[in-house]
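Q: I'm new to reading protein structures. Could you walk me through one, feature by feature?

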Amino acid sequence: MSSFTQRMTQDEYYRGVRMAPYDLVKELGYALAGVAVLAVFLAATFSSPDVAPVTIAAWAQGDPVDFVTTATNELSGSTISTGYGNPYNTNASGQSWGPIAPVLWFGTRIPVDSATAFVIQPLKYASVGNTDLGTALSTWSGASSDQQTKWLKAYTDALGKATVKDGKVSVADGDYGPLPTMMNNLLGVAQSGGLDGLLLVNGRFYQTDYTQGLLFMGDGTYLSGLAQQANLTGSQWGMMNETGQYPGQTWLWLYTMWYQVWPFTSPSGFLGLNAGNADLGIVILMTVLTAALALVPLIPILRDIPRWVPIHRLIWREYYTPKGKAASRT
Amino acid sequence: MSEQTLETSNDRSWTFRTRQWVDRVLPMDHLLPHRQPYYVGSWVYVFGVVTIAALVWVVVSGVVLSFMGPQWWHDSSLGHFFNSLHFWSVQLFFLFMVLHLWGQYFMAGWRDGRAATWMIGVVIFAASILTAFTGYLSQQNFASQFIAVNAKDAMNAGGIGAFFNVLNFGQMYGLHIMLLPITVTFLVVVHIVMVRARGVVKPIGPEGGSAS
C-alpha cells in the first residue's frame with residue numbers, strides 16, 4: 001500500500017506502474033468539438049423555454065376580481081407580504097428552529113409597506129386631475145381605523161360574489177365607504193399597464209429591481225394559478241421544473257424532495273421541524289448535507305463505501321485482471 | 001556585477017523562489033503529460049474533460065449573450081438560438097459534472113493526499129448550482145418570475161435573503177454574469193492544477209493506492 005505524502009513526487013508515486021502514451025490536449029480538443037456538436041444539435045432541435053412573463057396589467061385584465069381582492073387585502077393587512085416579517089417588515093417573527101432564527105439576524109433590510117406601496121401611493125399618483133378619486137382617498141385617510149376595518153370587511157365579503165362587466169368589478173350594494181371608487185381606479189390604472197411602471201419607480205429613471213411588483217403578484221392567486229398549470233409550485237417539485245417539456249434545475253432534486261416528505265409536510269413534525277418552518281429546516285439540512293459531501297474523505301463509512309461496493313472494479317476493469325496486476329508491478 | 005554575484009542575488013529573490021516552487025509542484029510534464037498510468041484509459045476519466053468542455057461552451061455562449069444584452073435573446077431568433085445554446089450547454093455541464101462526481105466517489109478519488117481536490121470539487125458543484133440558479137432568475141420569463149417568488153422564502157428563512165434578493169433582477173444578473181462565473185472558473189482552474197500536480201489516484205486495492 002502506498003500513500004502520497006507532501007514530499008512524494010509523481011514519479012515516486014507511480015513507481016512500478018506501467019505508463020502508456022496519453023494525448024491530453026487531443027482529448028480536450030475532441031471533447032470541445034463533441035460537446036459543441038451536441039449543444040448545437042440540442043439547441044437547434046429543441047430550442048429553449050421562454051414563456052412570456054406575467055404583467056400586473058395581464059393579471060388585472062385576466063382576473064379583475066382576484067386583483068381587487070388582493071389590493072383590498074393589502075389594505076386590511078391579510079396578504080402574504082403584509083404579514084411576512086423580515087426582510088420586508090416587522091409584522092411577523094418569521095421562521096425559527098429553537099433559538100435559530102436567521103431571518104431576525106439582519107433586520108428589515110428591504111423595507112416594503114405593502115398597503116402604501118401597492119395601493120395608496122399609486123392611487124395618489126392617479127388622483128391628479130381625478131376629483132372623485134382624490135375625494136375617496138381623503139375620505140379613506142380621514143376615517144378612523146375602526147371605520148376602515150368595517151368597510152374592508154364588508155367589501156371583502158362582497159367581493160366573494162363580485163361580477164365582472166367590461167373589465168370592471170361590481171359588488172352588491174352596501175356600505176363600503178370609498179373602497180369601490182379606490183379599487184376600480186386602481187384596477188383601471190393596472191389594466192392600462194400603469195401599475196407595472198409605478199411599482200418600479202423609486203425616483204430614478206433606470207430600474208432593475210422587481211421586488212415590489214413580484215411581491216404584489218405573489219400576494220394574489222393569478223400568478224400561482226398559472227404556475228400550478230406549469231407544474232412550478234413547491235408541492236409540484238417546482239424549483240427543479242421548467243415551463244413546457246424542458247429540463248429545469250434537475251440538480252436541485254434533493255433540495256426539492258424534502259418539501260414533499262415528512263416532517264416538512266406535517267403540521268406537528270419532528271423535533272420542532274415541521275411544515276411551518278420547512279424553509280429554514282431544509283436550508284439547514286441541505287447545508288449540513290453539502291458540508292458532509294465535501295468532508296466525505298474524513299467521514300468513516302461514507303469514505304469506505306467505494307471500497308465495499310465493487311463499482312471501482314468496473315471502472316478499472318483492466319487493472320483487476322491478472323494481466324493488469326502483473327503490468328502494475330513491471 | 002559578476003555572473004556569480006547575480007546568480008546568488010537571484011537565489012534570494014521572490015521571483016526565483018516562486019519559479020522554483022512552481023517547477024517543483026507543477027512541472028510542465030505534469031501539467032501537460034504525454035504519458036499516464038495505463039488504467040487512465042478507463043471511460044470514466046472522460047467525464048472530467050467533457051465537463052470542462054461544456055463549461056467552455058457555457059462561458060462562450062454566456063459572453064455572447066451578456067455582450068448583446070438581456071433583450072436580445074427574447075427579440076431576435078439569433079439571440080434565442082444563443083440562449084438555447086447556453087441553456088443546453090448548462091444542462092450538459094451539470095450532467096457531465098454529476099457523472100464525474102459519482103465516478104470519483106466510487107473511485108475514492110480523495111485517497112493518497114487528494115482530499116482537498118475532492119473538497120474543492122464539491123465547492124465547484126455548489127457554486128455552479130448557485131450560478132445556474134441566478135441564471136434561471138435572469139431569464140426574464142415566466143419561470144424566472146415564479147422561481148423568484150417561490151425561492152425568496154427559503155432565502156429569507158435562511159437569513160440570506162437580506163443580502164441576496166432573488167426578486168432583484170439587477171443583482172441576480174450581475175452575480176450571474178460576473179462574480180459567480182469568475183468564481184467557478186477560478187475554482188475549476190485550481191481543481192485542475194491540483195489534479196495535474198498530484199496525478200490521478202491509483203486503483204483501490206493492495207497493489208494500488210490506499211483503501212480509503
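A: Let's start with a pair of facing residues: Ala20(A) stands opposite Gln36(B), which belongs to β1(B). Keep in mind that this is a predicted model.

Q: In which sense do β1 of chain A and β1(B) pair, parallel or antiparallel?
A: For paired strands, look at the direction each one runs and at the bridges linking them. Here strand β1 of chain A, residues 19–21, pairs with β1(B) in the antiparallel sense, over three bridges.

Q: How many residues are in contact between chain B and chain A?
A: To read an interface, take each side in turn. On one side there are 84 residues of chain B, and they are in contact with 87 residues of chain A. Several elements give two or more residues to the chain B side, among them β1 (35–37), α7 (115–137) and α9 (169–198) of chain B.

Q: Which element gives the most to that side of chain B?
A: That's α6(B), with 15 residues.

Q: Now chain B by itself. How many helices and strands are there in chain B?
A: Counting elements gives you a quick outline of a chain. Chain B has nine helices and one strand. Read from the N terminus, the order is α-α-α-β-α-α-α-α-α-α.

Q: Why is chain B said to be more spread out than a compact globule?
A: You compare the radius of gyration with what a rule gives for a globule. For the 212 residues of chain B the globule rule gives 17 Å, but the radius of gyration is 22 Å, well over that, so chain B is more spread out than a compact globule. Along the principal axes, its C-alpha trace spans about 65 × 55 × 40 Å.

Q: What about chain A, then?
A: Chain A has a radius of gyration of 30 Å, while a compact globule of 330 residues would have one near 20 Å. Its C-alpha atoms fill a box of roughly 95 × 50 × 35 Å along the principal axes. As for elements, chain A holds 17 helices and three strands.

Q: Into which domains is chain B divided?
A: A chain can be split into parts, and then you ask how those parts sit together. Chain B has domain 1 (47–91) and domain 2 (108–199). Their centres, taken over C-alpha atoms, are 17 Å apart. Eight residues from domain 1 of chain B and eight residues from domain 2 of chain B take part in the contact. On the domain 1 side, helix α4 (residues 46–68) of chain B gives the most, with five residues.

Q: Let's finish with one residue. Why does Pro247(A) count as partly exposed?
A: Count the neighbours: a residue is buried with 20 or more other C-beta atoms within 10 Å, and exposed with 12 or fewer. Pro247(A) has 17, so it is partly exposed. You'll find Pro247(A) in the loop between α11 (222–229) and α12 (253–258) of chain A. Leaving out residues up to four places away in sequence, Pro247(A) touches Glu242(A) and Gln91(B).

Notes. Residues are numbered from 1 along each chain as its sequence is written. Chains are lettered from A and ligands numbered from 1 in the order in which they are written. This is a predicted model: local features need pLDDT of at least 70, side-chain atom pairs count only at pLDDT 80 or more; totals for chains, interfaces and linings use all residues. Domain bounds come from an automatic or database domain assignment. Two residues are in contact if their C-beta atoms, placed from the backbone, lie within 7 Å. Helices (H or I, at least four residues) and strands (E, at least two) are DSSP runs, numbered from the N terminus. Two strands pair if DSSP finds at least two bridges between them. The radius of gyration is taken over C-alpha atoms; the globule rule is 2.2 Å times the number of residues to the power 0.38.
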